[in-house]
Amino acid sequence: QVQLLESGGGSVEAGGSLTLSCAASGFGARRPCIGWWRQAPGQEREGVGHIAVDGGRTNIADSVKGRFTISQDNAKNTVYLQMNSLKAEDTGMYYCVATANNCYLLRPMEKYDVDYWGQGTQVTVSS
C-alpha cells in the first residue's frame with residue numbers, strides 16, 4: 001500500500017524559507033514521479049513541481065521557479081521541497097503526490113497523472 005507522508009509545514013514571514021519532506025513507501029521496485037501540489041484558500045489546486053525518482057530529473061512550475069527546488073534522498077525514500085524567498089501568495093495546503101508506475105515526465109505533472117495524494121501540510125506566509 002502506497003503511503004505519502006508530508007512534514008515540515010508551518011508559519012514563516014515573507015522572505016523566509018521552509019523545507020517540506022515527503023516520505024514515500026509502498027512502491028516496491030517501481031520508480032514513480034513524486035511531486036508537490038498546493039491549494040490556496042478558495043483556489044484550485046496547482047502543481048508546484050515533481051522529480052522522477054529514476055534519474056532525479058525535476059520539473060518546477062514557472063510560478064515558483066528560481067525560489068523552489070525539489071530533491072530526493074533515495075536511501076530515505078524521501079522527496080524534499082525547498083522553498084526560499086517565500087511570499088504571502090505561497091500560503092496554502094501543500095500535498096505530496098505520486099504516479100503509480102514508472103515515470104519519466106519531462107513536462108509539468110497534470111492532475112490526471114496523479115494516482116496518489118498525501119494528506120497535506122499547511123504553509124502560512126505572513127507579509
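**Entry 1: a starting point**

Where is A100 found? I looked it up and found A100 in the loop between strand 9 and strand 10 (116-117). I am working with a predicted model, where local features need pLDDT of at least 70, side-chain atom pairs count only at pLDDT 80 or more, and totals for chains, interfaces and linings use all residues. Residues are numbered from 1 along each chain as its sequence is written, and side-chain values use heavy atoms, with hydrogens and water left out.

I then checked the cover on A100, which counts as buried at 13% relative accessibility. (Buried is under 20% relative accessible area, exposed is over 50%, and partly exposed lies in between, with a 1.4 Å probe and protein chains only.) Leaving aside residues up to four places away in sequence, A100 touches F27, R30, D115 and Y116; contact here is heavy atoms within 4.5 Å. I also took the C-alpha to C-alpha distance from A100 to Q119: 17 Å in space, for 19 residues in sequence.

**Entry 2: the whole chain**

I stepped back to the overall fold. I counted 0 helices and 11 strands in the protein, and the order along the sequence reads β-β-β-β-β-β-β-β-β-β-β. Its radius of gyration is 14 Å, close to the 14 Å from the globule rule for 127 residues, so the protein is as compact as a globular protein of that length. (The radius is taken over C-alpha atoms, and the rule is 2.2 Å times the number of residues to the power 0.38.) Helices (H or I, at least four residues) and strands (E, at least two) are DSSP runs, numbered from the N terminus.

I noted the C-alpha trace as spanning about 45 × 25 × 25 Å along its principal axes. Of the 127 residues, 44% count as buried. For contacts between residues at least 6 apart in sequence, I found that 58% join residues at least 24 apart.

The surface came next: the protein exposes about 6,600 Å², and carbon and sulfur atoms supply 45% of that area. (Accessible areas are from the Shrake-Rupley method with a 1.4 Å probe; for residues, only the protein chains shown count as cover.)

I found strand 9 mostly covered, with 6 of its 7 residues buried. Which strands does it pair with? I listed these partners, where pairing needs at least two DSSP bridges between two strands:

- Strand 4 pairs with strand 9 in the antiparallel sense over 6 bridges, and W36 stands opposite C96.
- Strand 11 (residues 121-126) is joined to strand 9 by 3 bridges and runs antiparallel to it; Y94 stands opposite T121.
- Strand 10 is joined to strand 9 by 2 bridges, also antiparallel, and the bridge partner of A98 is Y116.

I was pleased to meet Y116 again, as it is one of the residues that A100 touches.

**Entry 3: strand 5 and its hairpins**

I followed strand 4 (residues 33-39) to its antiparallel pairing with strand 5 over 6 bridges. The bridge partner of W37 is G47 in strand 5. In this hairpin, with 6 residues between the strands, G42 takes a positive phi near 75°. P41 is in the loop between strand 4 and strand 5 too, and P41 counts as exposed at 68% relative accessibility.

Strand 5 (residues 46-52) has 5 of its 7 residues buried, so it is largely enclosed by the rest of the structure. Strand 5 also pairs with strand 6 (residues 58-60), antiparallel over 3 bridges, and G49 stands opposite I60. I found 5 residues between the strands of that hairpin, with G55 in the turn at a positive phi of about 110°.

**Entry 4: positive phi without glycine**

How is phi of N77 described, given that N77 is not a glycine? I read a positive value of about 50°. N77 lies in the loop between strand 7 (68-73) and strand 8 (78-83), and N77 counts as partly exposed at 48% relative accessibility. Strand 7 and strand 8 pair in the antiparallel sense over 6 bridges, with M83 as the bridge partner of F68. Their hairpin has 4 residues between the strands.

I noted S85 as well: its phi is positive, near 50°, and S85 is a residue other than glycine.
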